[in-house]
Amino acid sequence: HTRYPLVTGVQTCALPILPNWGGNPPLDLVEHEIGHALGWMHSTIDLADDVGRHSYDSPLDVMSDSAAPRAVDSTRRGGPGPLALDLYASGWLEPGDVEIMPVGAEPDEWQDAVRLVSTDSPSVPGSRRVLIVVLGDRRLVTIELKAARGDDSHLGGPGVAVHLVERGATGDGWTARVVSSGDVGLLRANSSWSWASGRLEIRVNSIRSVGESLATEVWVRRLADA
């Protein structure tokens, strides 16, 4: 897709369907592989030095631990929702849903607040569904509000997910790593968090209902002495 060049070719694999699943097998692995066909990236919490190596350990994304909902509720058959950046790359988020922010030239100065609504919400005038902070040609930080309902109800409560997105050293493919701290990688309401290696500080306001949406405000600033 011209908005974000993630598609590097369609991948195929054999999908294991175990006999003890009977006529109601889980579908999260199928969803994961469909994501590959759409060009979606893997995401991870534990990332090795090589950006292409990772563990399928993030409950925030169908392209990581796709069985995370089933680990909480054995009757669940679908995986978590996808990341907002994948939705945007596939054209499922409109340009007006996305705020793209340079990291900022002046250190220690907060950028203007960005009002985020949860990625499962309809578009809301004056709000965004993902904030993308540009760190360089090969590095982005994405910030999105997960509502913890529907596909993401296993998360136990809403929060803001922060991912570092990097292109591999060879230029082939992208990997997203959860870089926020806290419960299952989510920043909960009224929290502030500094990411020293990324030279960023992120502050999250209260999370509240606005009609059918959940909303919060997020502030970002570059750290001078990270």
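Biologist: Which residue forms a salt bridge with Glu217?
Modeller: This is a predicted model, where local features need pLDDT of at least 70, side-chain atom pairs count only at pLDDT 80 or more, and totals for chains, interfaces and linings use all residues. Residues are numbered from 1 along each chain as its sequence is written, and side-chain values use heavy atoms, leaving out hydrogens and water. A salt bridge needs a side-chain nitrogen of Lys or Arg within 4 Å of a carboxyl oxygen of Asp or Glu. For Glu217 the closest N and O atoms are 3.7 Å apart, and the partner is Arg115.

Biologist: How many residues apart are Glu217 and Arg115?
Modeller: Glu217 sits in strand S12 and Arg115 in strand S3. Strands (E, at least two residues) and helices (H or I, at least four) are DSSP runs, numbered from the N terminus. So the pair links distant parts of the chain, and the separation is 102 residues.

Biologist: How many salt bridges does the count come to?
Modeller: Side chains of opposite charge can pair when their charged atoms come close. Another of these pairs is Arg70 with Asp28, at 3.0 Å between the closest N and O atoms. Arg70 lies in helix H2 and Asp28 in helix H1, so this bridge ties together parts that are 42 residues apart in sequence. The total comes to 9.

Biologist: Which side chain does the side chain of His36 make a polar contact with?
Modeller: His36 is found in helix H1, and at 7% relative accessibility His36 is buried. A polar contact is a pair of N or O atoms within 3.5 Å; within protein, one must be able to donate a hydrogen and the other to accept it, and residues adjacent in sequence count only if both atoms are side-chain atoms. Here the distance is 3.2 Å, and the partner is His42.

Biologist: How many residues are in the largest nonpolar core?
Modeller: A nonpolar core is a set of buried Ala, Val, Leu, Ile, Met, Phe, Trp, Tyr and Cys residues joined through side-chain atoms within 4.5 Å. Ile143 is one of the members that touch the most others, and the core's residues number 23.

Notes:
Buried < 20%, exposed > 50% of the residue type's maximum accessible area, 1.4 Å probe, protein only.
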